[in-house]
Amino acid sequence: MVPQGNETDGEMVLDTTTFEQVQQQHQQNKLVVGYALTSKKKKSFLQPKLEVLARKKGISFVSIDQDKPLSEQGPFDVVLHKLLGNEWHEVIEDFEQKHPEVTVLDPPRAIQRIYNRQSMLQGIADLNLADCDGMICVPKQMVVLKDTTSSADEVAEAGLKFPLVAKPLLVDGTAKSHQLFLAYDRLSLAELEPPLVLQEFVNHGGVLFKVFVVGDVIKVVRRFSLPNVSNCEKAKVAGVFQFPRVSSAAASVDKSDLDPRVAELPPKPLLEGLVRELRNRLGLRLFNIDIIREHGSTDVFYVIDINYFPGYGKMPDYEQVFIDFFVNLAQAKHNKRQSVKSGIEM
Ligand SMILES: Nc1ncnc2c1ncn2[C@@H]1O[C@H](COP(=O)(O)OP(=O)(O)OP(=O)(O)O)[C@@H](O)[C@H]1O
Ligand SMILES: O=P(O)(O)O[C@H]1[C@H](OP(=O)(O)O)[C@@H](OP(=O)(O)O)[C@@H](O)[C@@H](O)[C@@H]1OP(=O)(O)O
Ligand SMILES: [Mg+2]
Ligand SMILES: [Mg+2]
């Protein structure tokens with residue numbers, strides 16, 4: 001039996017499958033996906049439509065009990081996880097080592113790399129994307145670990161131009177790690193709280209492209225972003241200003257309301273090349289990339305952010321995309337088992 005969704009205090013509860021039932025499903029060659037997600041993520045991702053489609057394909061979602069040893073639960077074919085804290089990553093890492101037969105989405109070490117806004121973007125500017133109909137850059141940036149007062153000189157030495165976006169260095173899932181500021185001048189840097197990265201603000205016409213990745217599948221949506229900063233504004237304004245979180249709004253932007261030069265999606269070959277390279281380099285299968293087009297250009301793009309297991313509930317058709325993804329995982333596992341078996345029989 002596949003777990004049934006119940007509404008309790010507005011929250012989906014999907015953990016009614018018993019240990020015996022999980023074992024039974026596993027023996028019947030079905031795919032069992034163990035999940036360890038924050039309640040917010042559980043609610044946005046494990047929606048009823050996903051559950052219905054999954055049930056039809058013999059895929060079941062089973063809640064992982066964080067208070068019990070992971071190895072004593074399941075057996076799982078896939079472990080899907082996004083929780084706060086390093087402790088959890090240690091648990092998953094240990095589990096991965098002991099259970100190489102289980103697909104862990106995704107490996108903690110790979111996730112940790114993009115939870116740091118410095119290592120997140122490292123290497124992107126050097127990717128080999130020739131013949132991909134465009135150019136991928138990253139904004140110039142530097143890390144400030146302690147004293148923001150002395151960082152004004154370092155900013156000048158590094159050749160960074162104001163205004164600068166100040167972003168908390170570590171993304172730890174808290175609201176604070178998404179609290180960004182725009183600093184217009186040297187003096188204002190003293191008001192910022194390290195550790196952070198200071199990144200050049202790139203004018204991009206107020207539209208951002210969210211590129212969602214699920215295994216081999218790529219889906220792009222447009223979101224509103226911050227407007228351009230004019231030269232006049234740069235000359236007149238001083239101080240630091242907190243960013244509104246415009247780009248994580250639930251709704252995508254309608255293309256018809258925008259200047260076509262701004263709204264045009266990045267070329268498909270460029271996105272495919274970028275995602276292929278990033279998937280391999282980062283070792284992640286579930287992530288999204290925030291990309292902006294340099295204002296006035298048609299083919300120069302900047303990667304400004306990468307997120308692990310982002311808000312897929314906002315990706316069109318995410319339910320079917322995930323079902324296909326899981327079905328392919330099950331098929332690949334089956335093929336592997338068969339080839340091992342025939343190897344033994346030969
Ligand atoms: N270098 C930049 N130049 C121009 N705009 C930027 C830049 N960096 C960030 N922004 C704007 O600020 C928003 C938030 O920045 P960023 O995506 O890095 O933060 P975040 O907290 O990781 O966001 P998310 O909710 O996507 O995880 C971007 O979506 C974009 O609108
Ligand atoms: O809040 P949403 O569900 O939309 O998802 C957001 C997600 O929050 P959640 O993982 O707690 O859900 C964020 O994760 P943390 O960095 O805070 O870990 C980050 O990935 C955002 O970029 C996602 O928004 P998106 O960029 O996809 O619009
Ligand atoms: Mg972002
Ligand atoms: Mg982010």
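**A colleague's note on this predicted model**

1. Strands (E, at least two residues) and helices (H or I, at least four) are DSSP runs, numbered from the N terminus.

2. Before going on, a word on conventions: this is a predicted model, in which local features need pLDDT of at least 70 and side-chain atom pairs count only at pLDDT 80 or more, while totals for chains, interfaces and linings use all residues. Residues are numbered from 1 along each chain as its sequence is written, chains are lettered from A and ligands numbered from 1 in the order in which they are written, and side-chain values use heavy atoms, with hydrogens and water left out.

3. Back to β3: which way do its residues point? L31, V33, Y35 and L37 point one way, V32, G34 and A36 point the other way, and all are buried.

4. β3 has two partners to look at, where pairing requires that DSSP finds at least two bridges between the strands. With β4 (residues 59–63), β3 pairs in the parallel sense over 5 bridges, and S63 in β4 is the bridge partner of Y35. With β5 (residues 78–82), the pairing is also parallel, over 5 bridges, and V78 is the bridge partner of V33.

5. Next, find the open sheet of 5 strands, whose order is β7-β16-β15-β12-β13, with mixed pairing. At its edges are β7 (135–137) and β13 (217–224), each pairing on one side only. From one strand to the next, the twist averages 35°; axes are lines fitted to C-alpha atoms, for helices over the stretch in contact, and angles run from 0 to 180 degrees between N-to-C directions.

6. What packs on this sheet? Helix α9 (residues 268–282) does, touching β7, β12 (207–214), β13, β15 (286–293) and β16, and its direction makes about 135° with that of β15. Contact means heavy atoms within 4.5 Å.

7. With β15, β16 pairs in the antiparallel sense over 7 bridges, and I291 stands opposite V303. These two strands form a hairpin with 6 residues between them, and G296 in the turn has a positive phi of about 90°. β16 is mostly covered, with 9 of its 9 residues buried.

8. Have a look at L127 too, in the loop between α5 (108–114) and β7. Is L127 buried or exposed? Its relative accessibility is 9%, so L127 counts as buried. Leaving aside neighbours within four places in sequence, L127 is in contact with L274, E277, L278 and R281.

9. Finally, visit ligand 2. Of the 14 residues around ligand 2, K82, H178, K210, G311 and K314 come nearest, where around means having a heavy atom within 4 Å of the ligand. A polar side-chain atom of H178 lies 2.7 Å from an oxygen atom of ligand 2, and a backbone N or O atom of G311 lies 2.8 Å from an oxygen atom of ligand 2. The protein covers 88% of the 540 Å² of accessible area that ligand 2 has on its own, by the Shrake-Rupley method with a 1.4 Å probe.

Conventions. Buried means under 20% relative accessible area, exposed over 50%, partly exposed in between (1.4 Å probe, protein chains only). A polar contact is a pair of N or O atoms within 3.5 Å; within protein, one must be able to donate a hydrogen and the other to accept it, and residues adjacent in sequence count only if both atoms are side-chain atoms.
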